[in-house]
Amino acid sequence: MPNFKSIILLLGDIAVLYASLALTLFIRYGSDYFPLSFRHHLKPFSLIFIIWLIVFYLANLYKNESLRIDLTVTRSFILAIIIGVVSSTILFYLFVPFFKLTPKTNLAIFAFVFGLIDLGWRFLLAKIFISGGLRNRLLIIGESPLISEVVNYLNVNPQIGYDAVYQIRDYSSSKGKQDIQRIAADNQINTIVIQSHIKKDPEIIKIIYQLLPYEIAVMDLIAFYEIIFQKLPLEELEESWFIEKISNRRRLYDIFKRLIDVILSIMLGIILAPFALIIAVLIKFTSPGPIFYKEQRIGANHKSFTIYKFRSMYVNHNGPFWTVKDDKRRTPVGKIIRFTHLDEIPQLINILKGNISFIGPRPEKKELAELYQQLPYYEIRHIIKPGLTGWAQLNYKASASVKEAEEKLQYDIYYIKNRSLIL
């Protein structure tokens, strides 16, 4: 779910977009023609700004990690602006009667102005969030590889807003118990994170309970990890956690989600029909075999269904379950449609039929689903309808091993727990 910092970043970007447009028009037309030109450009550019914000979101520029100004984030930022400019140009020239604008110079000036101002805004915001006055001072109780992962991540990403000030490893000793109160009192600790199993120790809980009047937030490691990484740590979960946190029935949400699926699948089916026809012709005349590829996938409640895709590989091929880099099984057309995901257009049929939704855990092949049963709690991803894409696909690469599938499963469980129309 969006956090406070992401919302601040988004609102700031919206303000910078409109400020950059105003500055662009002032530079181009001067003060005399500025009011008229601004009114003329406001509505068309407001629609374009939606595209820019979506591009920025897909480039992960609203994640906590993006508040760290380094070469990787800057590269993603520049690439997002380039994609925004190209998308805007295409839309302006394809739909001239609608936009009534074909800006070239204005769009170039706008992109330059926005890039400078927004990068400065992000740099300033990063400095504010990293400053000591806005940071949470953290005490961690316990020791595990998961805690080490959290501490290392917070140290590398100070913009997240936490100082891992102290860690008490030997919490069960009398000295460790005394240290909890002493460290919390002497070091202005405002957040304590404890491993879940420690909550079963009545002495530790009593000590932490006595700290509540000092306005110290207490979180278990699972909840803290979820906030920081937006996934769930499988090694910390137990069956009781799933009973408390996971619901497979949300009637009103399911009704609205199904309605959105039906409407969007019909609309996109109409819009993408010309592309689908071109792809079908190219597949037919460039490699022998059927146009469509059909495969059995595992859906909700472990029920199998037939998924439809445009064929992207040669027929009668042999190879691993997973697609590998430079896969020789792909056809020339298949390489393009796999890279652009246009091979998945026929899955709009699956969405309309109700086999899958637009968003959900990606349905796996029957053989892979059986292989992944060795992963802890893998069956949980089958309690809801699978999706064309999902939280795991947005946050992690396509899995090519059981280990990578385990990483994606952590994101799938996060989605199942937090699923909502906003997410």
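In this predicted model, strand E1 (residues 136–141) runs parallel to strand E3 (residues 191–194), and 4 bridges join the two. Within this pairing, Leu139 stands opposite Ile192 in E3.

**The sheet**

- Strands of a sheet pair through backbone hydrogen bonds, and the pairing can be either parallel or antiparallel.
- Here the sheet is open and has 4 strands in the order E2-E1-E3-E4, with parallel pairing.
- Strand E2 (162–168) and strand E4 (217–220) stand at the edges and have a single partner strand each, so one side of each is left without a neighbour in the sheet.
- From one strand to the next, the twist averages 25°.

**Helices on the sheet**

- Helix H6 (residues 174–186) lies across E1 and E2, and its direction runs at about 150° to E2.
- Helix H8 also packs on the sheet, where it touches E1, E2, E3 and E4, and its direction makes about 90° with that of E4.

**The pair H8 and H15**

- Two packed helices are described by the angle between their axes and by the distance between those axes.
- Helix H8 (residues 221–229) packs with helix H15 (residues 402–418) at an angle of about 100°, and their axes are 12 Å apart.
- Because angles of 65 to 115 degrees count as roughly perpendicular, H8 and H15 are therefore roughly perpendicular to each other.
- On the H8 side, Tyr225, Glu226 and Phe229 meet Gln410, Tyr411, Tyr414, Lys417 and Asn418 in H15.
- Sorted by class, this contact of H8 with H15 has 4 nonpolar, 2 polar and 2 charged residues.

Technical notes. Residues numbered from 1 in each chain as written. Predicted model: local features only at pLDDT ≥ 70, side-chain atom pairs only at ≥ 80, totals over all residues. Heavy atoms only, no water. Axes fitted to C-alpha atoms, helices over the stretch in contact; angles between N-to-C directions. Parallel < 35°, antiparallel > 145°, perpendicular 65-115°, else oblique. Contact = heavy atoms within 4.5 Å. Nonpolar A, V, L, I, M, F, W, Y, C, P; charged D, E, K, R; others polar. Pairing = 2+ DSSP bridges.
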